[in-house]
Amino acid sequence: MISLEPELAQLPGTGELIARERRETVSIYPELRILTWSGVMLISTGVGVYITKHLDDIGPLAIAAVIGLAAAACYAWAYWKRSRTAGLVDDYVLLLAALLASADVGYIEHHYHLLGNSWPRHFLFLAILHAGTAYFFRSRLVLSLSIASLAAWLGIERRSVDAIFQSAIETSMRAFLCAAIVVTWRAIDRKLRPATTLSSLFDHAAANLAFWASLILAAHDQTRLTGCLIAIALAAASMVYGQRTREGTFVIYAWVYGTIAVDIAVCNAIHDEIFITFYLLVSTIAAIVGLFLTHARLRRTA
């Protein structure tokens, strides 16, 4: 067999490609991302636990100042690295800064009640803050925090926490409203920034918000059928969109959320626990098989 490897090895930049083909080098980038994200989450959780246990010893003003300084230091690091070569850790340092800023704003509002009865509006402030930070640093991670803060503000504004779980229709409508805002935001972003890299994040956020809104309706007796039908319709749309754009995640959304909606509808009609258990077993297996077949077909047509 004729091999062109000696000639290829003499070309610049081909050594790494040959090593990968031989499986002599293996990328650990996904593992490093997971470890870095886990480290950020552990630090954020540790800060919350430490504050809870030492609130009386340290004092509220000192806690707020320390968290604020830590967030400012992380923001300063991200700004300093912005004009240099970006590394794996840099975006997660920015995420840590945003999480610390959120914790600081939430703690200040909880302790000092600066907004009074309008306390949910600190989520709106965080949504604006994180959105500005995300666009300045071009960070998808921080933009996801902005969307989460927006959803929290829309879900709680002018309502008590208990009321959120008592009115399925109102809660669902707020979730649908948030999804519509995200879709509109995506359209504006695409219009003003044609080279944007944030469209997929908006797509995933809007899809999940819409699916959860429909499942909230499906979880209550009065709106169960309507919620199931909406979820199934959204699953069909997600399947078509995923196959058209070759986005496998939307195919997963279609199978997972669609199966949940169908299961809720069927289990509501079946009142025998044995049949319900048997049906859930069969439907789960069918959904897994269907997901694998659809994913394999998607890869073949890619």
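1. Is A72 buried, partly exposed or exposed? In this predicted model, A72 is partly exposed, with a relative accessible area of 40%, and the residue is found in helix α5. The C-alpha atom of A72 lies 7.1 Å from that of A97, although 25 residues separate A72 and A97 along the chain.

2. As to the chain overall, the protein contains 14 helices and 0 strands, and the pattern read along the sequence is accordingly written α-α-α-α-α-α-α-α-α-α-α-α-α-α. Of its 302 residues, 36% count as buried. When contacts between residues at least 6 apart in sequence are considered, 62% of them join residues at least 24 apart.

3. The next point concerns helix α5 (residues 60-82) and helix α7 (residues 121-137), whose axes come within 11 Å and cross at roughly 25°. Because angles under 35 degrees count as roughly parallel, α5 is described as roughly parallel to α7. On the α5 side the contact involves Y75, A78, Y79 and R82, and these meet T133, F136 and F137 of α7. Sorted by class, the residues of this contact between α5 and α7 comprise 5 nonpolar, 1 polar and 1 charged.

4. Two residues in loops deserve a look at their backbone angles. H113, in the loop between α6 (88-112) and α7, has a positive phi of about 55° although it is not a glycine, and H113 is exposed, with a relative accessible area of 52%. R138, which is found in the loop between α7 and α8, likewise has a positive phi, near 55°, and is a residue other than glycine. R138 counts as exposed at 71% relative accessibility.

5. In the loop between α7 and α8 (140-156) one also finds S139. Is S139 buried or exposed? S139 is buried, and its relative accessible area is 0%. A polar atom of the S139 side chain lies 3.5 Å from the backbone nitrogen of L141. Leaving aside residues up to four places away in sequence, S139 touches D91, L94 and A134.

6. Which side chains make polar contacts with that of D189? The side chain of D189, a residue of helix α10, is joined to the side chain of Y135 by a polar contact of 2.9 Å, and it also makes a polar contact of 2.8 Å with the side chain of R193. D189 has a relative accessible area of 3% and is therefore classed as buried, the cut-off for that class being under 20%. With residues up to four places away in sequence not counted, D189 touches Y135, T196, L198 and F202.

7. Helix α10 (residues 168-192) packs against helix α11 (residues 199-218) at an angle of about 165°, and the two axes are 8 Å apart. The pair α10 and α11 is therefore roughly antiparallel, given that angles over 145 degrees are placed in that class. The crossing in which α10 passes α11 is left-handed. By class, the contact of α10 with α11 has 17 nonpolar residues, together with 4 polar and 4 charged ones.

8. How do α12 and α13 run relative to each other, roughly parallel or roughly antiparallel? The axes of helix α12 (residues 224-245) and helix α13 (residues 248-269) come within 8 Å and cross at roughly 160°, and α12 and α13 are therefore roughly antiparallel to each other. Their crossing is left-handed. Residues of α12 in the contact include R224, C228, A231, I232 and Y241, while those of α13 include F250, V251, Y253, W255 and N268. Divided by class, the contact of α12 with α13 has 15 nonpolar, 5 polar and 1 charged residues.

Terms used:
Residues are numbered from 1 along each chain as its sequence is written. This is a predicted model: local features need pLDDT of at least 70, side-chain atom pairs count only at pLDDT 80 or more; totals for chains, interfaces and linings use all residues. Side-chain values use heavy atoms; hydrogens and water are left out. Axes are lines fitted to C-alpha atoms, for helices over the stretch in contact, and angles run from 0 to 180 degrees between N-to-C directions. Helices (H or I, at least four residues) and strands (E, at least two) are DSSP runs, numbered from the N terminus. Angles under 35 degrees count as roughly parallel, over 145 as roughly antiparallel, 65 to 115 as roughly perpendicular and the rest as oblique. A crossing is left-handed if the near helix is turned anticlockwise from the far one by less than a right angle, and right-handed if clockwise. Ala, Val, Leu, Ile, Met, Phe, Trp, Tyr, Cys and Pro count as nonpolar, Asp, Glu, Lys and Arg as charged, and the others, Gly among them, as polar. Contact means heavy atoms within 4.5 Å. Buried means under 20% relative accessible area, exposed over 50%, partly exposed in between (1.4 Å probe, protein chains only). A polar contact is a pair of N or O atoms within 3.5 Å; within protein, one must be able to donate a hydrogen and the other to accept it, and residues adjacent in sequence count only if both atoms are side-chain atoms.
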